[in-house]
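I set out to record, entry by entry, what I looked up in this structure.

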Amino acid sequence: MTTKKMDSVLAKLSNHEIIQKGDRAVHSRHELSIEILDCLVEIESRSIFLKEGYSSLFDYCTRRWHHSPPKAGRFIAAARCMKNFPDVRNLLVQRRITLCGVSRIAGILTDSNSDRILREVSGKRFVEIEKIVASLKIAPRTRESIRPIGLQEPAGGRVRSADYENLFQPNPLPENYQFDSDFTSDLGDLSGGNSQIDSPKEKPEHRYEIRFSASEEFCRDLERAKTVCSRSWNLEAILGRAIKDLLEKRDPERKEARRKKREARKQSKSRSQAKRRTRTKTAGQLATEGGAKGTGEKGSPGKGTTASPVRSRHIPAHLRDAVFTRDKWRCTYTSSLGIQCDSTAHLQIDHITPYCRGGDHSLENLRILCGKHNRLAAREMSLTNR
Ligand SMILES: [Zn+2]
């Protein structure tokens, strides 16, 4: 039936009939998926794929059946799981678990835990299954990294469902298979059409992949930020905004720029006030024709009575920023062989001539050290025993 004909047929159906039609389609698709899994089990156990000229079951699924790689991976994982744990098939038949759910638990099922885990996941939604799987897995430590991945169209402010969903997967799937984002659709055509960026074409730009693991609280906050901002903000937009706000507050260069702006404003204000005063004074002088000339002159109150400065450990913010900027936010400790520490963690401002020995807050007397080298410097100067 052509799409046009199908559209006209569907248009004549009532809402109730459409719902029933959809339910029937999903039901038969589910049954079909079990049939495919049964076939896959046989194809693998008899090595049919090899005899047919395919290098692997994955090759068979992707080349012969035109399954997308994620879909092929999901089917294969589920088929193997079903073969090793027959109860999985029963759950599938009873529709107590989806194919996605099976592919998710496939990596953690063992003879000793299968009964318990299958009991736990039975009838659960995919997100709940993910939580169960996550609670049973010890996630490997994710190494933070930023790496260039080449030219790519910018994602703009829009959300790619795949990007977003993947972030909230508590644990990565087995290395061999990269499942896509359509968790709810077990057997739908996941040929990739739904993961395209829904934004106007933009010029490709250099893009980077950033990896890090995050706590549950971070994910909750991120989810909240997403809700607060707008669902159309993607992760890049949200985190980018948060980073910009943070830099606006903490970046010494920006603080210095603001300070200069403030000072320039103050100076221009005092200049215009001085001009106004001069104008008023001139007008007054003209009015009194030079009378009482000496009485209006003011000295400079306060100047002659400079209070002796109170010594304080507090290093003014502009000086701190200047030290950090000059030392490029790195520990400046250098060994006798000329090797510099270069650490960027736990940085502290150190007085070269210690404050307790009369060292001042001048730029020349201040430097950046990491906590460990600051303590070492103090030990070397017998300031502390730690
Ligand atoms: Zn150091």
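**Entry 1. Basis.** I worked from a predicted model, in which local features need pLDDT of at least 70 and side-chain atom pairs count only at pLDDT 80 or more, while totals for chains, interfaces and linings use all residues. Residues are numbered from 1 along each chain as its sequence is written.

**Entry 2. Whole chain.** I found 16 helices and 4 strands in the protein chain; helices (H or I, at least four residues) and strands (E, at least two) are DSSP runs, numbered from the N terminus. I noted that buried residues make up 16% of the 386 residues. A residue is buried with 20 or more other C-beta atoms within 10 Å of its own, exposed with 12 or fewer, and partly exposed in between, C-beta atoms being placed from the backbone. Of the contacts between residues at least 6 apart in sequence, 66% join residues at least 24 apart; a contact requires C-beta atoms, placed from the backbone, to lie within 7 Å.

**Entry 3. Helix α6.** Which residues of α6 are buried? In this helix, residues 86-93, I listed Val 88, Leu 91 and Leu 92. Seen down the axis, the buried residues of α6 fall within an arc of 100 degrees, so they line one face of the helix; the arc is that of the directions from the helix axis to the C-beta atoms. Pro 86 and Val 93, on the other side, are exposed. The cover over the buried residues of α6 includes α2 (15-45), α5 (69-84), α7 (99-105) and α8 (114-121). After α6 comes Arg 95, with a positive phi near 60 degrees.

**Entry 4. Nonpolar cores.** I took a nonpolar core as a set of buried Ala, Val, Leu, Ile, Met, Phe, Trp, Tyr and Cys residues joined through C-beta atoms within 7 Å. The largest has 29 residues, of which Phe 75, Ile 76, Ala 78, Cys 81, Met 82 and Val 102 touch the most other members. At least two residues of this core come from each of α2, α4 (57-64), α5, α6, α7 and α9 (126-136). Helix α5 gives the largest share, 8 residues. Leaving out residues up to four places away in sequence, Cys 81 touches Val 88, Val 102, Ala 106 and Leu 109. Apart from this core lies another of 8 residues, including Val 323, Tyr 333, Leu 366 and Cys 370.

**Entry 5. α2 against α5.** The axes of α2 and α5 come within 9 Å and cross at roughly 75 degrees; axes are lines fitted to C-alpha atoms, for helices over the stretch in contact, with angles from 0 to 180 degrees between N-to-C directions. That makes α2 roughly perpendicular to α5, a term for angles of 65 to 115 degrees. Helix α2 makes the contact through Ile 36, Leu 37, Leu 40 and Val 41, and α5 through Phe 75, Ile 76, Ala 78, Ala 79, Met 82 and Lys 83.

**Entry 6. Thr 62.** I located Thr 62 in helix α4. Thr 62 is partly exposed, with 17 other C-beta atoms within 10 Å. Beyond its neighbours within four places in sequence, Thr 62 is in contact with His 67, Pro 69 and Ala 72.

**Entry 7. Ala 345.** Ala 345 lies in the loop between α15 (317-326) and β3 (347-351). Why does Ala 345 count as exposed? Ala 345 does so because it has 9 C-beta neighbours inside 10 Å.

Notes:
Two residues are in contact if their C-beta atoms, placed from the backbone, lie within 7 Å. Angles under 35 degrees count as roughly parallel, over 145 as roughly antiparallel, 65 to 115 as roughly perpendicular and the rest as oblique.
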